[in-house]
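This report covers one structure. Read it with the model open beside the text.

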Amino acid sequence: MADNVRETIKEIKAKCRLYMNGVVSQSMREKGLEYKLNFGIEYPRIKEIAAAYKPDHDLAQTLWKENVRECKIMAGLLQPVETFYPELAEIWIEDMRYPELAEYTVMNLFQYLPYASEVVFCWMADERELFQLCGFLLMARLCMKGYALNEQAEAEFLDQTIAAIENGPLSVRKAAVGALQKYAVQSRENKEKTIKTLALLYNSGKPELVSLADAIKNGIEY
């Protein structure tokens with residue numbers, strides 16, 4: 001590690017200690033978020049600390065390798081997209097342990113990657129929970145930015161989404177619902193296709209899926 005990066009990391013950790021929230025940190029540990037160090041700092045403050053530094057590849061990579069919640073979140077804020085290649089994205093996802101980190105990393109970094117639309121379907125179809133989670137979170141972000149699916153991609157997306165809602169872990173199920181809703185509100189045509197697709201949930205005979213289909217339908221009707 002270069003001396004300047006080492007000093008910057010020390011400086012960042014010192015700032016984090018100033019804003020440490022022991023109550024929040026303890027609450028997170030009780031909920032299963034086990035980091036070597038967790039300052040319990042709220043996201044707006046983490047973003048504020050990161051804003052004092054220029055995006056830097058070496059700094060971001062080093063922050064990510066720290067088993068510190070705030071450092072990992074900050075890594076996504078300070079990683080330049082130009083040097084964040086697909087293989088690095090996979091390494092980061094493999095290293096993720098909690099949905100919170102997936103949500104922040106997708107929001108701060110993954111949605112801006114030039115190859116985002118190329119990896120999103122691979123991630124959604126991956127059997128690993130955090131890859132699926134990042135995939136559906138990323139698709140929701142892309143839809144919000146106006147990303148349009150061609151006919152084949154659209155059919156694949158709807159199939160994968162319904163499969164995730166029916167059988168996925170809770171975090172993936174929620175992300176799939178969110179992606180489906182963002183897709184649906186892109187256009188009247190998408191809304192109609194979504195409502196037709198919901199028939200698969202209604203016909204499942206499972207009360208929880210029927211209830212979820214109702215919630216999705218109500219959420220996209222306006």
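## A loop residue and its contacts

Leu-37 touches Asn-67, Val-68, Arg-69 and Glu-70, leaving aside residues up to four places away in sequence. Contact here means heavy atoms within 4.5 Å. Leu-37 sits in the loop between α2 (22-30) and α3 (43-50). Helices (H or I, at least four residues) and strands (E, at least two) are DSSP runs, numbered from the N terminus. Leu-37 is partly exposed, at a relative accessible area of 27%. The classes are buried (under 20% relative accessible area), exposed (over 50%) and partly exposed (in between), with a 1.4 Å probe and protein chains only. From Leu-37 to Glu-66 the C-alpha to C-alpha distance is 9.0 Å, across 29 residues of sequence.

## Basis of the model

This is a predicted model, in which local features need pLDDT of at least 70 and side-chain atom pairs count only at pLDDT 80 or more, while totals for chains, interfaces and linings use all residues. Residues are numbered from 1 along each chain as its sequence is written, and side-chain values use heavy atoms, with hydrogens and water left out.

## Nonpolar core

In soluble globular proteins, nonpolar side chains tend to be buried together. The largest nonpolar core in this model has 75 residues. Such a core is a set of buried Ala, Val, Leu, Ile, Met, Phe, Trp, Tyr and Cys residues joined through side-chain atoms within 4.5 Å. Phe-110 and Phe-157 have the most contacts inside the largest core. Helix α9 (residues 129-144) gives the most to this core, with 11 residues.

Which residues does Phe-110 touch, not counting residues up to four places away in sequence? They are Phe-84, Ala-89, Ile-93, Met-96, Thr-105, Ala-116, Trp-123, Cys-134 and Leu-138.

## Helix α14

Helix α14 (residues 207-220) has 14 residues. From first C-alpha to last it reaches 20 Å, close to the 20 Å expected at 1.5 Å a residue. The expected span is 1.5 Å times one less than the number of residues.

Leu-209, Ala-213, Ile-216 and Ile-220 are buried in α14. They cover an arc of only 65° around the axis, so they lie on the same side of α14. The arc is that of the directions from the helix axis to the C-beta atoms. Cover for these buried residues includes α10 (151-167), α11 (170-184), α12 (188-197) and α13 (199-202). The face turned away from the buried side of α14 carries the exposed residues Pro-207, Asn-218 and Gly-219.

## Salt bridges

The whole structure holds 11 salt bridges. Each is a side-chain nitrogen of Lys or Arg within 4 Å of a carboxyl oxygen of Asp or Glu. One of them joins Lys-10 and Glu-7, with the closest N and O atoms 3.9 Å apart. Both residues lie in helix α1 (residues 3-18), 3 residues apart, about one turn of the helix. Glu-7 is partly exposed, at 45%. Arg-69, Glu-70 and Glu-100 are linked in a network of salt bridges.

Lys-72 and Asp-95 meet at 2.7 Å, N to O. Lys-72 belongs to helix α5 (residues 69-78) and Asp-95 to helix α6 (residues 86-95), 23 residues apart. Lys-72 is buried at 5% relative accessible area, whereas Asp-95 is partly exposed at 36%. Glu-154 and Lys-193 meet at 2.5 Å, N to O. This pair links α10 and α12 across 39 residues. Glu-154 is buried at 9%; Lys-193 is partly exposed at 27%.
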